[in-house]
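Here's a quick briefing for anyone meeting this structure for the first time. Have a look at the sequence and the model, then read on.

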Amino acid sequence: MSGTKDAQTATLTLPDGRSTALPIVVGSEDEHAVDIRSLRQDTGYVTLDSGYMNTGATTSAITYLDGEKGILRYRGYPIEQLAEHSNFAEVSYLLIYGRLPTEVQLTEFRRQLTRHSLIHEDMLNFFGGFPPTAHPMAVLSAMVTSLSAYYPDSLDPKLLDLHITRLLSKVRTIAAFSYKKSIGQPIIYPKNALRYCGNFLHMMFAVPSEEYVISPVLEKALNQLLILHADHEQNCSTSTVRMIGSSGANPYAAVAGGILALWGPLHGGANQEVIEMLEGIRDDGGDYQKFLDDVKNKRGNRRLMGFGHRVYKNYDPRAKILKAMADEVLEHLGVDDPLLDLAKEIEAVALREDYFISKKLYPNVDFYSGILYRAMGFPTNMFTVMFAIGRLPGWIAHWREMVQDPGTKIGRPRQIYTGEGERQYVPMSER
Ligand code: ACO
């Protein structure tokens, strides 16, 4: 772990009068942390921080985010610039290797992504083993775990780059194949002439009986959507990837764990929940004020999905870009989606309500992404899979950063035990 050690220390005084000096670590954006790594050894105390609200689990040079100011940068580059000018392959390279690629480097990276886009033909049998009701996230995580069975050398440091491109390329193929299987259509193999996002659209939406022409608008929109999801520092799924990876498990296992963590409705599953929530309000007659009243009064444990964030206490910069994109893309596609109007009305009203203002609840990345994916033709249950494809380079970058850090230790938090004291076993006949 790096990070500059400040000359200053913080002093912690314990109830018995003992005190201990704890070093201060300062990040490159002047973020300050109290380094408690020696605390238990020196005092016997641990820290308690459920939900890790105040715990820096690692130092990292990948993504900087300031939730108060609404800033997000990958390797120093503002998300707004990357979304406007870059593409997903270039951003993946940037996140994983720490620098923008030269033309030669990007061409080679793309060549590798193309070269590794197929999955072993035997794996096609696996898709048939799932019931038609299987959620694509269940299929995706199981298939990514299965990849590790085909590549037992994935922890060989000399083969790191090979497995990184394999993961990036094959996860996209698996996602498209699982969609085709779920709707009973023949799978469509990747086409080498196409780029990352175009190839994915081709595998998702082409049918054998006719030529599929990739819309440049859809391809650009997909690039932007994936860029906006590509990393978000130590979120739930990335922390899961790091945690699994810290045990020495292979990258396929670590990424499969990340996919499962992302699936939850409080994390990446929220994009599906947003659409289902908007549809529910619409089907209920469109009375969103009643819905918002339920949310504010915490009736039925309702939340305004797509609002709120652990770190952003200001407008999520990704949501800002997505809102503008939704208007542009829907207009270009000639799609008139009443759910977009409903979402905008709800946002406008919520941002004026004291409940949301006082709790600093703003739209997050999931509030508008579902509307975009819907307009592009993706079914609702694929939204979280789309998030997973986008977040993949971030997971890989963090996994790589961790395995290359000689200071990495297995992730193993402590706890404060609150159960029974020692007691004696009672035989069944005496209970
Ligand atoms: N709607 C209504 N109230 C909310 C919402 C919401 N979306 N989010 C938070 N609150 C309220 C909580 O009820 C709580 O109120 P209280 O203080 O009266 O108990 C307060 O705001 C703080 O909420 P916590 O859940 O403690 O905040 P936390 O930082 O743990 O949660 C989270 C963040 C999970 C994202 C939360 O805002 C949420 O559930 N949002 C909806 C789901 C969602 O959109 N998730 C996607 C997040 S972005 C991503 O992962 C890609």
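Predicted model: local features only at pLDDT ≥ 70, side-chain atom pairs only at ≥ 80, totals over all residues.

Residues are numbered from 1 along each chain as its sequence is written, and side-chain values use heavy atoms, leaving out hydrogens and water.

**Around Ser141**
- Ser141 sits in helix 6 (residues 136-150); helices (H or I, at least four residues) and strands (E, at least two) are DSSP runs, numbered from the N terminus.
- Its side chain reaches the backbone oxygen of Ala138 at 3.1 Å.

**Helix 3**
- At the start of helix 3, Asn87 brings a side-chain oxygen to within 3.3 Å of the backbone nitrogen of Ala89.
- After helix 3 comes Gly98, with a positive phi near 85°.

**The ligand**
- The ligand is surrounded by 20 residues, and the closest are Arg303, Leu304, Gly306, Tyr355 and Lys359 (a residue counts as near if one of its heavy atoms lies within 4 Å).
- By class, that shell has 10 nonpolar, five polar and five charged residues; Ala, Val, Leu, Ile, Met, Phe, Trp, Tyr, Cys and Pro count as nonpolar, Asp, Glu, Lys and Arg as charged, and the others, Gly among them, as polar.
- A polar backbone atom of Phe307 is 2.9 Å from a nitrogen atom of the ligand.
- Arg310 has a polar side-chain atom 2.8 Å from an oxygen atom of the ligand.
- For Asn364, an N or O atom in the side chain is 2.9 Å from a ligand oxygen.
- On its own the ligand exposes 910 Å², and the protein buries 75% of that (areas come from the Shrake-Rupley method with a 1.4 Å probe).

**The nonpolar core**
- In the largest nonpolar core, with 117 residues, Tyr74 and Leu304 touch the most other members (a nonpolar core is a set of buried Ala, Val, Leu, Ile, Met, Phe, Trp, Tyr and Cys residues joined through side-chain atoms within 4.5 Å).
- Helix 18 (residues 383-403) gives the most to this core, with 12 residues.
- The core lies between domain 2 (71-134 + 162-242) and domain 3 (270-376), because both give residues to it; the domain bounds come from an automatic or database domain assignment.

Notes
Polar contact = N/O pair within 3.5 Å; in protein donor to acceptor, adjacent residues only side chain to side chain. Buried < 20%, exposed > 50% of the residue type's maximum accessible area, 1.4 Å probe, protein only.
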